[in-house]
Amino acid sequence: TTDTVITQRDPTTATDNTITVNADKGVDAEVVIKDVNVESTDGAGMTVNRGEGSSVTVELEGNNKLTGTNGSAGLEVTGEGDLIIDDKDGDGSLTAQGGENGAGIGGSDGKDGNNITIEGGEVTATGGARGAGIGGGRQGSGRNITVNGGTVTATGGNLSAGIGGGNKGTGTDIKVSGGTVT
């Protein structure tokens with residue numbers, strides 16, 4: 001369990017207050033997002049900054065929507081740690097929409113989206129123009145992306161992968177070992 005729960009008083013109305021999670025080198029963190037609806041006006045809807053060797057778990061509760069502005073991911077990852085998206089209770093969903101050149105989940109414009117694991121939940125990730133659904137933003141690569149469970153719908157923007165690289169990026173070490181992926 002965790003003490004860090006991020007929720008929104010009225011999720012029917014989008015907020016431009018973004019979410020940032022910072023995990024220092026070697027630190028494991030867990031955060032719950034519960035019924036949030038973020039439409040950023042400057043950057044990603046949610047950013048997870050991962051120090052080397054860190055692991056950040058985002059637990060989904062209720063319906064969550066993260067939308068990035070042009071050049072940004074819906075749920076942006078930075079650094080070389082791990083991001084794990086999970087729904088242990090079976091009651092959560094995430095819709096992540098990248099802005100132009102940003103991934104739905106992963107890198108913003110020109111950035112990679114690496115070390116992403118989906119363990120559960122109903123996850124819909126849509127890249128903006130030239131961004132991957134899950135992986136790299138425009139000219140960014142997607143590496144070490146794993147789906148172990150859940151229902152995942154990943155749609156890339158123009159010339160981009162659903163899971164993998166954004167336009168002119170590459171995708172490597174993509175694994176699906178469970179769940180449903182479309």
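Biologist: Which residues of the largest nonpolar core touch the most other members?
Modeller: Keep in mind that this is a predicted model. In the largest nonpolar core, which has 29 residues, Met 46, Leu 75 and Ile 105 touch the most other members.

Biologist: And which strand gives the most to this core?
Modeller: That is S6, with four residues.

Biologist: What does Ile 105 touch, leaving out residues up to four places away in sequence?
Modeller: Among its contacts are Leu 75, Leu 83, Ile 85, Leu 94 and Ala 96. Ile 105 also touches Ile 116, Val 123 and Ile 134, as well as Gly 133 and Gly 135.

Biologist: Leu 75 again! What is the bridge partner of Leu 75 in S10?
Modeller: Ile 105 is the bridge partner of Leu 75. Their strands, S7 (residues 75–79) and S10 (residues 105–106), run parallel and are joined by two bridges.

Biologist: What is the strand order in the open sheet of six strands?
Modeller: The order is S2-S5-S7-S10-S13-S16, and the pairing is parallel. S2 and S16 (163–164) are the edge strands, as each pairs on one side only.

Biologist: Now for S3: how many bridges join S3 to S6?
Modeller: Seven bridges join them, and the two strands run parallel. Ile 33 stands opposite Leu 60 in S6. S3 is also joined to strand S1 (residues 5–7) by three bridges, again in parallel, and there Thr 7 stands opposite Lys 34.

Biologist: Let's look at Thr 57. Is it buried or exposed?
Modeller: Thr 57 has a relative accessible area of 13%, so it counts as buried. This threonine lies in strand S6 (residues 55–67).

Biologist: What does Thr 57 touch, apart from residues up to four places away in sequence?
Modeller: Thr 57 touches Ala 29, Glu 30 and Val 31, and also Ile 84, Asp 86 and Lys 88.

Biologist: Changing topic to the loops. Where does Asp 24 lie?
Modeller: Asp 24 is in the loop between strand S2 (19–23) and strand S3 (28–34). Its relative accessibility is 58%, so Asp 24 counts as exposed.

Biologist: Which residues does Asp 24 touch, if we skip those up to four places away in sequence?
Modeller: Gly 51 and Ser 54. Gly 51 sits in another loop, the one between strand S5 (46–50) and S6.

Biologist: Is Gly 51 buried or exposed?
Modeller: Gly 51 is buried, because its relative accessible area is 16% and buried means under 20%. Beyond its neighbours within four places in sequence, Gly 51 is in contact with Ala 23, Asp 24, Lys 25, Glu 80 and Gly 81.

Biologist: Stepping back, how many helices and strands does the protein chain have?
Modeller: Zero helices and 18 strands. The radius of gyration is 14 Å, close to the 16 Å that the globule rule gives for 182 residues, so the chain is as compact as a globular protein of that length.

Biologist: What share of the residues counts as buried?
Modeller: 51% of the 182 residues count as buried. The accessible surface comes to about 7,700 Å², and 40% of it belongs to carbon and sulfur atoms.

Technical notes: Residues numbered from 1 in each chain as written. Predicted model: local features only at pLDDT ≥ 70, side-chain atom pairs only at ≥ 80, totals over all residues. Heavy atoms only, no water. Buried < 20%, exposed > 50% of the residue type's maximum accessible area, 1.4 Å probe, protein only. Contact = heavy atoms within 4.5 Å. Pairing = 2+ DSSP bridges. Core = buried A, V, L, I, M, F, W, Y, C linked by side-chain atoms within 4.5 Å. Rg over C-alpha atoms; globule rule 2.2 N^0.38 Å. Areas by Shrake-Rupley, 256 points an atom, 1.4 Å probe, with all protein chains shown as cover.
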